[in-house]
Amino acid sequence: MESYSKRKRECPSSPESTQPSSFPDEVLERVLALLTSHKDRSSVSLVCKDWYNAERWSRTRVFIGNCYSVSPEILARRFPNIRCVILKGKPRFSDFNLVPHNWGADIHAWLVAFANNYPFLEELRLKRMAVNDESLEFLALNFPNFKVLSLLSCDGFSTDGLAAITTHCKNLTELDIHENGVEDRSGNWLSCFPESFTSLEVLNYANLSSEVNFDALERLVSRCKSLKVLKVNKSISLEQLQRLLVRAPQLVELGTGTFVQELTPRQCAELESAFNNCKNIHTLSGLWEATVLHLPALYPACSNLTFLNLSYAALQSGELAKLLAHCPRLQRLWVLDTVEDKGLEAVGSNCPLLEELRVFPADPFDEEIIHGVTEAGFLAVSFGCRRLHYVLYFCRQMTNAAVATIVQNCPDFTHFRLCIMNPGQPDYLTNEPMDEAFGAVVRTCTKLQRLSVSGLLTDLTFEYIGNYAKNLEVLSVAFAGSSDWGMQCVLGGCSKLRKLEIRDCPFGNLALLSGLEKYESMRSLWMSACKLTMSGCRRLAREMPRLNVEVMKEDGSDDGHADKVYVYRTVAGPRRDAPPSVLTL
Amino acid sequence: MERLVSFESHHDHDLNLKATELRLGLPGSDEPEKQTTSSVRSNKRASTEISQESNTNNSSVSDDHEDCAPPSKAQVVGWPPIRSYRKNTLQAKNKNESEVGAGIYVKVSVDGAPYLRKIDLKVYKCYPELLEALENMFKLTIGYNGSDYAPTYQDKDGDWMLVGDVPFHMFITSCKRLRIMKGSEARGLGSCV
């Protein structure tokens with residue numbers, strides 16, 4: 001039986017409740033306990049004091065989009081019964097090395113507070129937080145009910161910290177450490193799962209490079225009968241994969257290891273047979289080095305596939321086409337641009353149910369410009385996949401006309417992230433700015449929540465966004481705009497805006513200050529390499545005390561210039577853990 | 001508005017393409033860029049004879065387009081916006097492309113085209129298959145019989161040879177990159193295939 005902090009009866013004659021509640025608090029709490037959406041719970045808590053209290057006692061999962069917007073103490077005071085915490089730390093541009101390495105977002109203070117207030121904590125999901133081995137060990141030793149650890153884009157820890165988790169967390173069901181900056185010292189951590197441990201349901205260690213002890217892994221997979229998600233790393237060979245699949249035909253999500261090896265015909269048949277027995281797989285990833293030689297082994301497992309992540313397999317168009325012919329139910333597809341436009345034509349022809357497409361560049365940093373995908377590929381997908389609503393597309397050329405046609409074909413876009421990789425590049429056919437492209441997007445796609453713009457853009461793009469993008473919540477802008485007016489349009493027009501991130505644009509203090517009233521209704525604003533000055537930022541900080549205005553200085557830059565500015569609302573006041581290079585105004 | 005693209009082209013009239021070296025250091029690990037037009041590293045491209053007017057074969061850019069030559073690559077911190085994890089994985093992959101069993105990816109350039117392609121030589125079983133794929137990819141005829149284009153490759157020693165001079169299986173292991181040459185240079189390399 002789990003321990004619950006029991007709620008003490010509130011004084012019945014509080015001035016706010018002029019009418020007695022129509023049903024007892026316990027009933028209200030039970031009803032509210034069924035609410036899962038964070039937004040719904042926030043709304044409920046605003047109804048009246050009784051509802052606020054019932055909600056706070058019944059909440060078990062909390063989502064904190066910016067770890068500095070609230071303090072652990074405030075959290076613990078308001079919510080006594082938390083089992084699951086989802087916490088995000090650094091600004092998103094830290095993924096692209098734009099945030100100083102020691103900026104903050106350290107998990108440790110939170111863990112200490114949790115140990116005091118939520119000793120029954122079960123689940124922790126962190127994104128862009130600084131996590132070190134000491135913290136992982138603290139976590140492993142202080143929370144006996146701990147079940148789920150998910151770390152995404154975090155850094156500061158090593159495989160030693162993982163070993164602490166696998167050694168001590170007897171009730172662990174999920175360990176997902178994909179895509180972090182992990183110091184990979186050895187694969188020992190996997191062998192630290194005790195032989196008596198059988199509760200694992202999710203294991204994702206796809207981005208570690210060290211080899212784990214394969215026998216230990218095989219035994220672990222055998223005895224964890226509830227294992228649903230297994231994503232191994234590159235060091236697992238095809239032959240080893242086959243042995244794992246045989247032990248876990250119930251898998252629902254699979255991340256393979258390296259998908260190439262010299263196999264005998266018998267081994268090929270065994271591999272294909274293993275895949276044939278995995279009829280429940282709906283998500284497939286990994287597939288490093290996958291080539292036309294071994295991909296056919298996968299085909300039997302593809303009939304129920306809804307998510308295929310080929311972003312680490314440099315397939316060519318023909319290979320992709322053959323594979324997609326076996327994936328009629330595909331809803332989400334991630335590929336590298338090595339498939340080129342021809343490969344995307346195959347997507348259009350084979351995947352009528354597709355909802356999400358991400359095309360990543362295989363050689364973005366090569367000095368020589370390698371042809372990837374163009375507007376033709378995107379067009380082909382839009383003609384064949386009318387349900388498309390999420391796209392992330394890296395390309396080297398685009399036209400206004402193509403984008404207009406694309407959104408006509410697919411008007412339901414909720415996420416439109418287009419990256420024309422050469423900064424400030426115009427429509428390559430007409431040589432005009434790409435304003436009309438994004439104008440078409442915001443006019444046609446009324447459900448648009450997230451937009452990333454690129455190419456040569458004037459203030460007109462931002463006028464369009466401010467006028468039409470009424471559901472927009474997240475906007476990313478780089479190397480665009482002509483003047484402060486552009487940013488003013490966005491701040492004035494996009495009433496639902498929550499996150500605005502801007503780099504290398506000619507927006508200055510006038511634009512920044514035009515959003516004075518708005519920033520408290522947003523999670524955060526990032527502006528780097530724009531035209532902000534220290535005095536503008538100071539003025540913002542002065543006028544809006546419930547915002548933290550942080551300025552990150554670059555070495556050797558002009559003193560009056562504010563190189564990187566991060567503004568966010570907070571009830572926790574200025575933070576005390578900022579490094580010297582970060583000034584809170 | 002400052003733009004970080006400079007539309008310069010770099011001409012290397014020397015046939016010695018050892019100058020076309022790839023930088024494998026992490027981009028963006030150097031000083032951050034503000035003004036990049038003057039500090040852009042010169043873009044070394046494979047083809048020596050990029051014509052000034054033409055862009056791709058099928059573009060219809062007007063002639064007085066000031067940005068005729070393909071743009072050079074600015075080295076900008078954090079751009080394109082690829083997450084560090086993916087970036088590191090890609091760079092490790094590009095270094096290790098000679099793993100056993102893995103594909104043999106080589107760059108292919110065509111005189112007159114601004115962009116290169118990459119193909120996996122392991123996919124092809126013989127010269128005719130390879131040449132057909134190249135013809136389809138670039139939409140031109142490559143031929144030794146009067147066509148303007150000739151396929152050449154750079155071998156392990158850095159020398160440029162005409163494709164077809166060695167047995168196919170030897171070619172696969174020694175070919176480091178392909179260049180489809182146009183014009184008199186092509187004819188100069190010999191018509192003996």
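These are a colleague's notes on the predicted model above, point by point.

1. Ground rules. This is a predicted model, in which local features need pLDDT of at least 70 and side-chain atom pairs count only at pLDDT 80 or more, while totals for chains, interfaces and linings use all residues. Residues are numbered from 1 along each chain as its sequence is written, chains are lettered from A and ligands numbered from 1 in the order in which they are written, and side-chain values use heavy atoms, with hydrogens and water left out.

2. Cysteines. A search of the whole structure turns up zero disulfides over all chains, a disulfide being a pair of cysteine sulfur atoms within 2.5 Å. Take A:C278: the closest cysteine sulfur, in A:C302, is 11 Å away, which is too far for a bond. For A:C385 the closest cysteine sulfur belongs to A:C351, and at 6.0 Å that is also too far for a bond. A:C278 is buried, at 0% relative accessible area, and A:C385 is buried at 0% too. Here buried means under 20% relative accessible area, exposed over 50%, and partly exposed in between (1.4 Å probe, protein chains only).

3. Salt bridges overall. The whole structure has 33 of them over all chains; the criterion is a side-chain nitrogen of Lys or Arg within 4 Å of a carboxyl oxygen of Asp or Glu. Some share partners: A:R41, A:E55, A:R59 and A:R78 are joined into one network this way.

4. A:R92 and A:E501 meet in a salt bridge, N to O 2.6 Å. They sit 409 residues apart, with A:R92 in the loop between β2 (84-88) and α5 (108-117) of chain A and A:E501 in strand β19 (residues 499-503) of chain A. Helices (H or I, at least four residues) and strands (E, at least two) are DSSP runs, numbered from the N terminus. Both ends count as buried: A:R92 at 18% relative accessibility and A:E501 at 9%.

5. Across the chains. A:D95 and B:R83 form a salt bridge at 3.6 Å, N to O. A:D95 is in the loop between β2 and α5 of chain A and B:R83 is in the segment before α1 (84-95) of chain B, so this pair joins two chains. A:D95 counts as buried at 7% relative accessibility, whereas B:R83 is partly exposed at 26%.

6. The closest N and O atoms of A:E195 and A:R219 are 3.2 Å apart, and the two form a salt bridge. A:E195 is in the loop between α8 (188-191) and β8 (202-204) and A:R219 is in helix α9 (residues 214-223), so the bridge ties together parts that are 24 residues apart in sequence. A:R219 counts as partly exposed, at 41% relative accessibility.

7. Strand β18 of chain A. Residues 474-478 make up this strand, and five of its five residues are buried. Both faces are covered, with A:V474, A:S476 and A:A478 on one side and A:L475 and A:V477 on the other.

8. Strands count as paired if DSSP finds at least two bridges between them. β17 (residues 450-452) runs parallel to β18(A), joined by three bridges, and A:S452 has A:S476 as bridge partner. β18(A) also pairs with β19(A), again parallel, over five bridges; there A:V477 partners A:I502.

9. Crossovers. From β18(A) the chain goes through helix α18 (residues 484-493) to β19(A) in a right-handed β-α-β crossover. β17(A), helix α17 (residues 459-468) and β18(A) make a right-handed β-α-β unit as well. Right-handed means that, with the strands pointing away from the viewer, the path from the first strand over the helix to the second runs clockwise.
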